[in-house]
Amino acid sequence: MLTIRMQRTGRKGHAMFRVVVQDARLTPTSGKVVALLGSYNPHAKTTTLDKEKAATFLKNGARPSDRAALLLQKEGVKLPAWVQVSTAKTGKLRNPEKLRKNQPKEEPAAEVAGPEAAPSEAAAAEPASAEAVPAEETEKEA
């Protein structure tokens, strides 16, 4: 029996995939391919497929893998009624209470912006600068 599957190519960390028709008993890495239908680049999300070839193999009984079926359907290839396209899986979160979006909202600390706050900051800044000037003068004299 023939199967339509994706064969990984590309270097480490930068996968590229070929869409191939292969004997179901062989592994995708065996290299023995009946037909090459196209390719898929997951980084750029681009697909090139020979839709007529794919439709011919599907009509003659080639079974697509789950990922290949989704890819064929996305590209507009009409799948036979016997092909089951799996729905997207939803993962279960282990600790949803630890998510930042589920934490109680913290109110920002209200800063005192009264008229007394500004002069005290300015007064505190002046003596520090006044002390720095005499220190520089004493270094120049020595």
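1. Strands here are DSSP E runs of at least two residues, helices are H or I runs of at least four, and both are numbered from the N terminus. β2 and β3 run antiparallel, joined by five bridges; two strands count as paired if DSSP finds at least two bridges between them.

2. A word on what you're looking at. This is a predicted model, where local features need pLDDT of at least 70 and side-chain atom pairs count only at pLDDT 80 or more, while totals for chains, interfaces and linings use all residues. Residues are numbered from 1 along each chain as its sequence is written, and side-chain values use heavy atoms, with hydrogens and water left out.

3. Now the whole sheet. It is open, has five strands in the order β4-β3-β2-β1-β5, and its pairing is mixed. At the edges sit β4 and β5 (63–64), each pairing on one side only. β1 and β2 are antiparallel too, with eight bridges between them; T9 is partnered with M16 in β2.

4. Next, the β3 side. Four bridges link β3 to β4 (residues 46–49), again antiparallel, and Y40 has T47 as its bridge partner in β4. The two strands make a hairpin with four residues between them, and K45 in the turn has a positive phi of about 55°. β3 is mostly covered, with five of its seven residues buried (buried is under 20% relative accessible area, exposed over 50%, partly exposed in between, with a 1.4 Å probe and protein chains only).

5. Then the helices. α1 lies across β1, β2, β3, β4 and β5, and runs at about 120° to β3.

6. Which residues touch the most other members of the largest nonpolar core? They are I4, V19, V21, L37, F57, L58 and L72, out of 19 residues. (Such a core is a set of buried Ala, Val, Leu, Ile, Met, Phe, Trp, Tyr and Cys residues joined through side-chain atoms within 4.5 Å.) β1, β2, β3, α1 and α2 each give two or more residues to this core, and α2 gives the most, with four.

7. Finally, have a look at I4. Leaving aside residues up to four places away in sequence, I4 touches, among others, V19, V21, L37, F57, L58 and L72; contact means heavy atoms within 4.5 Å.

Technical notes. Axes are lines fitted to C-alpha atoms, for helices over the stretch in contact, and angles run from 0 to 180 degrees between N-to-C directions.
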